[in-house]
Structure formats: C-alpha cells, structure tokens
Amino acid sequence: MPRVYLKPGHVQPVWAGHPWIYAQAVARVEGGAQPGEEVEVVDARGNLLGVGLYSPRSAIPVRLYARESGARLDAALIAARIRRAIERRRALALPRDDTDAFRLLHAEGDDLPGLIVDRYADALVVQFGTVGMKRRDGAVFDALTRELAPRAIIDRTSPRVAEREGFDASSGVVRGALDALEFVERGLRYRVPLELGQKTGFYLDQRPLRARVEELARGRRVLDTFTYIGALAMAAARGGAVEVEAVDASAPALGVAVDCAARNGLSGKIRFEPGDAHEALARVGRRGGVELVIVDPPKLAPTRAARARAAGAMRRLAREGCRATRPGGLLVLCSCSAAVGLDELTRALALGGRDAGTRPVVLERHFQGPDHPVPAAFPEGLYLTSLIAEVAPL
C-alpha cells in the first residue's frame, strides 16, 4: 500500500484521532498513490497512524477511515459501517412515528469520510465528497439497498466538490423512481420536489432549533429570514406565534413553503414574502421591531480563506437582526460553517449588537442534531452553531 509521510509537528492531532491529513502536513508520498486509492499514513519514523483514501487535488489529501494496519475499505467494511450507523440512529429513536427524515450517515462521524446519506421516509439521498468514496459508489448503493430497501436512492453530489476532487458528478435518481421527497419531521409534513436543490433537500441538522423556536414563539410576533421552505416559520406558527412573516429570495422555495404550510393547516398563520433578507430586517426595524427574529443564512464561509469576509457579513446580519428585534425580544442567529463557529459567531453578535446600539445577551447555544455525530478529536465536524440572545438596550 502506498505511504503518506507526515512532517514532524503535524502528528499529534492525527494520533489523537483527527481524521484529516492537510496538504501542509505531508512530507512526501511513496508508492505511486493514485486518486481514490487507499494509503497508509505514517509519521517520520514510519509508525502507522491510520489508513485513508487519497485525494491529491484536495487541500485534505487523505481522510482516514481506520487506524489499524491491514484495513481495507471494501464492500464488506462499507456495509458494516452503514449497519452501525443505522443502529446508532435507532438508539436515538430515529425513525419514529412523528419523524422519518434524518441524517442516516454522517461522514467522519460514522467512520466513512466523504459520504453523506440522508433518509427521507422511504427515499435516500447520497452525497459523495471524495474521489475515493465516489469510486466505491456501487458498494454504497448495494449496502443501502440490502439494509433498507428504499423506494429510491438519489445522488446529490455537489458539482463543485466533484470538480475539485476530479470525478464526474452524477445527479438525480440512481435507483428506483421518485419526483419529490415526502416526509414528516416532528409531526409536520413536507413535500420537496427534487429540483429544489439546497443540501440534500432539507436542513435536517436544524431539527433541535426548530423544536426550541416552537417553544419560544408563543405570544410573539416572528420574522423568519432566509426561510427556505418555511420550516422554522411553521414551527413558530404551530407554537402559538401571534403572527409570522417568512422571507426568502427564492420564488421556487417559497412556493414549496406555501404548499407545506397548507399541508399542515398553517396557511392563515404565516405570511410568506419574496424578498431580500437585509431589506426585510431593515423594514421591520424601522417599524419598531418584533419579539422574535430568526437569521439563518446559507453558508457564508465555504473555506477557511473566506472566514474574514464571512465574519464581516455575519456582523452585518447581527446588526440588522438586533435592530429588527424589539427591546427585550429574542434574536436567533445561525452559522452553518465550521469556519464561523461558536467564538466567531458570538463575536459577530457582540460587535453587530454594539453597531446597532444594543447589548445582546446570549441565553442559549445550539448545534447540529445528534444524528450528525462528531468525533471528539475533530472540531471541524461541529459546523452548525446557533445563538439565541435577548436584545437589550445599550
């Protein structure tokens, strides 16, 4: 098996359990490793640190899937790890009567780096994040079919990721037949056409926040920006909000949101508005604000290099969110990028609040749901952070 040697000073995180080998940590590669091939990762003395898949075009050229010598990512190991992921979700009571949509397999969190599988009732949506895992797609599809007998398997691999990794991105239904994802989460019913392409179709990772917003919304007026298909808005409406305005720039997403609200008997409780989130926040702020404001933008920092720009954008959103929140009201501010984690998001809230002449007080911190597990040695895996803050006068 080809070997990847690490530079001195870069071994400790990998030894402790970090699954990524960054390009700057690599001293040399021996053995003629090819894209997608299995490689051993060793320290400068040749001591084994783990076995992973090789992605020479990536800033992360190796992602480890095992620590023991002789491990092979063959069909049997892929199937075993998929079975283990399924059992882990069953231990979390997923699926259950009121929720049949959840993350079934979470890449590094389930020891299959480069592979995401989301379950939507009887359909599965798959995303491949590395050339090595993509080259094993047949084994992945076979194992999922044997274990779950899904109605359909859909490949939603990002074209940008595929280009970076050097493979062709297939998209659409690869097994079975389906034109929309139909599922239930916390008793709310959704139908999302396949052509609506955010993530795998839905933001499954925000389920805990949706439950909390539902608890907090009673008796409050709510503004939900970047609403997508209205999941947080529907949670607020069902929770007893006095009024809910939900804003998104995407007309197709809002069309799905309107349909989903109707499916759940919430049409008269939510006002869906097409438009820019910044403008909506400014408008509500000029009117004196509302008691609960939700700001959950799409990823602002897809890479570490974009962190500074993303921090500035988040500070602006925090400023606008604080101005749109009535004194004493609540602001929910979210980041779905590991590059803007808890510390960065909290700082953006503090600075944006100060810009707005307010003093935000953080009451709660929320992260991705438990169906998105994170190895203890892998802080980058904690990519979703949400703050719930009381906005007080300065």
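Predicted model: local features only at pLDDT ≥ 70, side-chain atom pairs only at ≥ 80, totals over all residues.

Student: Which residue does the side chain of E185 meet in a salt bridge?

Tutor: The general idea is that side chains of opposite charge can pair when their charged atoms come close. Here the partner of E185 is R210, with 2.6 Å from N to O. R210 lies in helix 6 (residues 207–216), whereas E185 belongs to strand 12 (residues 180–185), so the pair ties together parts that are 25 residues apart in sequence. R210 is also classed as buried, because its relative accessibility is 3%. The pair belongs to one network, in which salt bridges with shared partners join E185, R186, R210, E214 and R238.

Student: How many salt bridges does the structure hold?

Tutor: The structure holds 31 salt bridges. One of them is formed by the side chains of R63 and E108, at 3.5 Å from N to O. This pair links distant parts of the chain, 45 residues apart: R63 is in strand 6 (residues 62–66), and E108 is in the loop between strand 7 (101–106) and strand 8 (115–120). R63 counts as buried because its relative accessibility is 14%, and E108 counts as buried at 9%.

Student: What is the accessibility of the residues in the salt bridge between E182 and R191?

Tutor: In that salt bridge the closest N and O atoms are 3.5 Å apart. E182 is partly exposed, with a relative accessible area of 44%. R191 is likewise partly exposed, with a relative accessible area of 24%.

Student: Now for helix packing: at what angle do helix 9 and helix 10 pack?

Tutor: One reads the angle between the axes, and angles under 35 degrees count as roughly parallel. Helix 9 (residues 277–286) and helix 10 (residues 307–324) pack at about 30°, and their axes are 7 Å apart. Helix 9 is therefore roughly parallel to helix 10. Their crossing is left-handed.

Student: Which residues meet where helix 9 and helix 10 are in contact?

Tutor: From helix 9, H278, L281, V284 and G285 take part; they meet R316, L317, E320, G321, R323 and A324 of helix 10. Sorted by class, this contact has 4 nonpolar, 3 polar and 3 charged residues.

Definitions and conventions: Residues numbered from 1 in each chain as written. Heavy atoms only, no water. Salt bridge = Lys/Arg side-chain N within 4 Å of Asp/Glu carboxyl O. Helix = DSSP H or I, 4+ residues; strand = E, 2+ residues; numbered from the N terminus. Buried < 20%, exposed > 50% of the residue type's maximum accessible area, 1.4 Å probe, protein only. Axes fitted to C-alpha atoms, helices over the stretch in contact; angles between N-to-C directions. Parallel < 35°, antiparallel > 145°, perpendicular 65-115°, else oblique. Left-handed = near helix turned anticlockwise from the far one by under 90°. Contact = heavy atoms within 4.5 Å. Nonpolar A, V, L, I, M, F, W, Y, C, P; charged D, E, K, R; others polar.
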